[in-house]
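User: Can you take me through this one? Start with the terms, please.

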Amino acid sequence: MERWLPPALLLAGLALWEVAARAGWISALFFPPPSAITLTLLRMLGSVDFWAGLGSTLMRLTAGVLIGGGAGLLLGWLMGVSRPLRVALAPLVAALHPLPKLALFPIVLVILGIGESSKVALVALTAFFPMLLNTLAGVQQIDPTHWEVAANYGATGGKLLRRVVLPGSLPMTLTGLRLAVNGALVVTIAIEMLSARQGLGATIWLAWQTLRTEDLYATLVVIGGLGLASNQLLESATRLLLPWKGKP
Amino acid sequence: MHLSVFHITKAFISPRGTISALADVTFTAFQGEFVALVGPSGCGKSTLLRLVAGLLAPDSGQIDFTGWPQPPKRRLVFQDHALFPWMTVADNVAFGLEMDGIDRTDRRQRAIAQLESMGLAGFADHYPHELSGGMKQRAAIARAFVTQPDILLMDEPLRALDAQTRLVIQEELLSLWERRRPLVLYVTHDIEEALLLADRVLVMSGRPGQVRAEVTPPLGRPRDLTGRAHPEIEESKWQIWKLLEEDVRRQIQPQRVTS
Ligand SMILES: Nc1ncnc2c1ncn2[C@@H]1O[C@H](COP(=O)(O)OP(=O)(O)OP(=O)(O)O)[C@@H](O)[C@H]1O
Ligand SMILES: [Mg+2]
């Protein structure tokens, strides 16, 4: 019963929208009927341009998450195990984290120039902070007794990192990764709207300027699907990587 | 070869006040000896084990290890099993061996053998959350034993077991110990357990802890724990209880933290 509720509600909403748009209760220009959006979507899926755009978006997203998330992960571990590093960097992180990353785009443009690298850099910056903060919190919430066990059994350096710090913080790291991917997707689309010729964000911007609203909505559906897919993927990864989380 | 603990004091300082955990603890324990520590809750028994393990430093006094090729390997069985939830039971047991640099197949073999002797053979590839409290405690004992330490420190390792299982594991523990005879410091709340297992029982006073007396159970070795009753320890039991009684009564009355 509960499983059928969300799709049923969705269908009912779409039906209402369809009727309202066709009957002229709402503007079909700004709110085109779902059937028209579906047709546009199907047409898009058959075009080469669409796939090239999707490819660009995914490239920027993946590169940004790998670079920024990777750096956040590494620094999170290091700050977690090193008190001096934590004391030194914590205020800086606290100050930079809440800055809207998009507002930094002009500065990044000045530094890296107009091109892929400045876009990827901004996505990376977005992925960096949630990954850093969650990994750091993950290391800090490792049970003090587990640190004592590690010390008592002579764990140091790489072995300590690999067998205790990494797995101990992994649940929080995966939460961080999920937030990083979601944030990075938002910023990727936004940057593409601002400055890209190719990509889902660019498609949205073009559709809006030429008032092809069906294209706009169809692209939004694709972005929603992307978000859903990435979350599903991370959820399976979490189940696979945390077999000990079977019971609280 | 012996361990000497010499006029040790330890206090914990926090913004909420200073807790003096140990005041002037002195004792000696020899290689091959099984020494039990009993004392009222909060008298600093766990703290004492951490100090001997080197996880904490004393405020004053000295801990010397004489005669071992320095420093002796000390392994602690923690009061709450402290198994890593992210490792299988076998990996947990092999953890110390892994840190000692022993290769994968060898350490797994040794861990499995140790688990078998603790009655956990079928659980090697399970995760700790799939084990009962008593099984986790046994796995934690196995993790310490398998590293073949010079000094084995155990903090109420059998607390989570029912009386019957406890007796069987106590006997198992003794036979494990007899094989290599490491120096054992064994903390327990159970006076009878202390007498049944140990060569000497050190009786501690209430906080701040001190070694108040030493009691030697009138039992030889090897000991048969499950085969027969041991009425000969009744006298020692009574003696220890009388030493502890006053502190225990004081303990359950309202306390103040000195600052
Ligand atoms: N890390 C710590 N920080 C502050 N106080 C501590 C710390 N560890 C222990 N203490 C205090 O030191 C005293 C002795 O603690 P300890 O754990 O050694 O007692 P114990 O004899 O093992 O008690 P129990 O039998 O209940 O396990 C207690 O009063 C406790 O509050
Ligand atoms: Mg204790």
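Analyst: Helices (H or I, at least four residues) and strands (E, at least two) are DSSP runs, numbered from the N terminus. This is a predicted model, in which local features need pLDDT of at least 70 and side-chain atom pairs count only at pLDDT 80 or more, while totals for chains, interfaces and linings use all residues. Residues are numbered from 1 along each chain as its sequence is written, chains are lettered from A and ligands numbered from 1 in the order in which they are written, and side-chain values use heavy atoms, with hydrogens and water left out.

User: OK. What about His7(B), what is its phi?

Analyst: His7(B) has a positive phi of about 50°, although it is not a glycine. The residue sits in strand β1 of chain B, residues 2–14.

User: Why flag that?

Analyst: Because most residues other than glycine have a negative phi, and most peptide bonds are trans.

User: Which peptide bonds are cis, then?

Analyst: One joins Arg207(B) and Pro208(B), with omega about -5°. Another runs from Arg221(B) to Pro222(B), with omega near -10°. Pro208(B) lies in the loop between β8 (200–204) and β9 (211–215) of chain B. Pro222(B) is in the loop between β9 and α8 (234–251) of that chain.

User: How much of ligand 1 does the protein cover?

Analyst: The protein covers 66% of the 630 Å² of accessible area that ligand 1 has on its own. Accessible areas come from the Shrake-Rupley method with a 1.4 Å probe; for residues, only the protein chains shown count as cover.

User: And which residues come nearest?

Analyst: Ser41(B), Gly42(B), Lys45(B), Ser46(B) and Thr47(B), out of 14 residues around ligand 1. Near here means a heavy atom within 4 Å. Helix α1(B) gives the largest share of the shell, 3 residues.

User: Switching to the interface. How many residues are in it on each side?

Analyst: Chain A contributes 20 residues and chain B 24 residues, contact meaning heavy atoms within 4.5 Å. The buried area is about 2100 Å², with 62% of it from carbon and sulfur atoms. Buried area is the accessible area (1.4 Å probe) that two parts lose on being put together, summed over both. In chain A, Asn152(A), Tyr153(A) and Arg163(A) lose the most area to chain B, together 38% of what that side buries.

User: How many salt bridges between the chains?

Analyst: There are 4, each a side-chain nitrogen of Lys or Arg within 4 Å of a carboxyl oxygen of Asp or Glu. One of them pairs Glu148(A) with Arg50(B), the closest N and O atoms being 2.6 Å apart.

User: Which elements of chain A supply at least two residues to that side?

Analyst: α7 (144–152) and α8 (157–195) each do. α7(A) gives the most, with 7 residues.

User: What is chain A made of overall?

Analyst: It has 10 helices and 0 strands. The C-alpha trace of chain A spans about 75 × 55 × 30 Å along its principal axes.
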